[in-house]
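Open the model in your viewer and keep the sequence panel beside it. The stops below say what to select next and what is there.

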Amino acid sequence: MKGLLQLLTLILFVSSCASGFKSIDELVDKSDHKLQTIQKAKPFSFFPVQGEISSHFGYRSDPNTKQRKLHKGLDIRVAIGASVISPSGGQVMFVGRKTGFGLVIEVLHDNQITTRYAHLDKILVKQPQRVEQGQLLGLSGQTGNATGPHVHYEMLIKGEQIDPFAYTNEQVIRYANAKKM
Ligand SMILES: [Zn+2]
């Protein structure tokens, strides 16, 4: 059983290699909105959706304005309606619309880490509810300034965006702890 959990976690984490395996959508239990199989995974050890990373964190030519701008998140390309799941437990701090972001969910986790999920089609949680790791937060979409369906995923420590791709697993926690001092 433990081996199976590790295998599933690995499949989800290495999402780009996951073709042929079950998708997150197939693994989510729709009755209680939870992805039971990865509840024991390390915090932030997987991305909220399974898909190709279409734009990394960093400077890029803004797709809307064509100006050089810091892209403060990770874009994960997925079809509209894909399950967006929480990579760690936390409390829902914001749900609703934000300029440019469209429909957004923000979750506050331990160590003052916040995650943000933008351009959603549907929000399935309420503020200020508690969410568990692996819980279904909402469905992906193309709301706000989005040139195609994707999830814009941000990770913030004390309000400052960091690269979710670079700071996964214990690295995030270590970074957050270092910032506390
Ligand atoms: Zn983005």
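## Strand 11 and its partners

Begin by selecting strand 4 (74-77) and strand 11 (150-157): the two run antiparallel and are joined by four bridges. Strands here (E, at least two residues), like helices (H or I, at least four), are DSSP runs numbered from the N terminus. Two strands count as paired if DSSP finds at least two bridges between them. Within this pair, pick Asp75; its bridge partner in strand 11 is His152.

The model is predicted, so local features are described only at pLDDT of at least 70 and side-chain atom pairs only at pLDDT 80 or more, while totals for chains, interfaces and linings use all residues. Residues are numbered from 1 along each chain as its sequence is written.

Tyr117 has Tyr153 as its bridge partner in strand 11.

Leu156 stands opposite Gln161 of strand 12. Strand 11 and strand 12 form a hairpin with two residues between them, and Lys158 in the turn has a positive phi of about 50°.

How many of the eight residues of strand 11 are buried? Six are, so strand 11 is largely enclosed by the rest of the structure. A residue is buried if 20 or more other C-beta atoms lie within 10 Å of its own, exposed if 12 or fewer, and partly exposed in between, with C-beta atoms placed from the backbone.

Select Leu74 in strand 4. Leu74 is buried because 23 other C-beta atoms lie within 10 Å. Leu74 and Glu154 are 80 residues apart along the chain, yet their C-alpha atoms are separated by 6.4 Å. Leaving aside neighbours within four places in sequence, Leu74 is in contact with Ile53, His56, Phe57, Tyr153, Pro164 and Phe165. Contact means that the C-beta atoms of two residues, placed from the backbone, lie within 7 Å.

Move to Val151 in strand 11. Val151 counts as buried because it has 26 C-beta neighbours inside 10 Å. Outside the four places on either side in sequence, its contacts include Ile76, Val78, Val84, Tyr117 and His119. For a distance check, take Ile53: it is 98 residues from Val151 in sequence and 9.6 Å away, C-alpha to C-alpha.

## The nonpolar core

Which residues touch the most other members of the largest nonpolar core? They are Val84, Ile105, Tyr117 and Leu120, in a core of 28 residues. The elements giving two or more residues to this core are strand 4, strand 5 (83-85), strand 6 (90-98), strand 7, strand 8, strand 10 (136-140) and strand 11. A nonpolar core is a set of buried Ala, Val, Leu, Ile, Met, Phe, Trp, Tyr and Cys residues joined through C-beta atoms within 7 Å. In soluble globular proteins, nonpolar side chains tend to be buried together.

Centre the view on Val84. Not counting residues up to four places away in sequence, Val84 touches Pro48, Val49, Tyr117, Leu120, Leu137, Gly138, Leu139, Ser140 and Val151.

Select Lys66, in the loop between strand 2 (58-61) and strand 3 (68-71). Lys66 has a positive phi of about 65° although it is not a glycine. Lys66 counts as exposed, because it has 8 C-beta neighbours inside 10 Å.

Asn111 is in the loop between strand 7 (102-108) and strand 8. Asn111 is not a glycine either, and its phi is positive, about 60°. With 17 other C-beta atoms within 10 Å, Asn111 is partly exposed.

A cis peptide bond, with omega of about 10°, joins Gln127 and Pro128.

## The whole chain

Zoom out. The protein chain has three helices and twelve strands. Buried residues make up 38% of its 181 residues. Of the contacts between residues at least 6 apart in sequence, 64% join residues at least 24 apart.

Finally, colour by pLDDT, the predictor's confidence in each residue, from 0 to 100. The mean for the protein chain is 81, and 70% of its residues reach 70 or more. Over residues 13-21 the pLDDT is below 50, and this stretch has nine contacts in the model beyond near neighbours in sequence. Where pLDDT is low, the predicted coordinates should not be read in detail.
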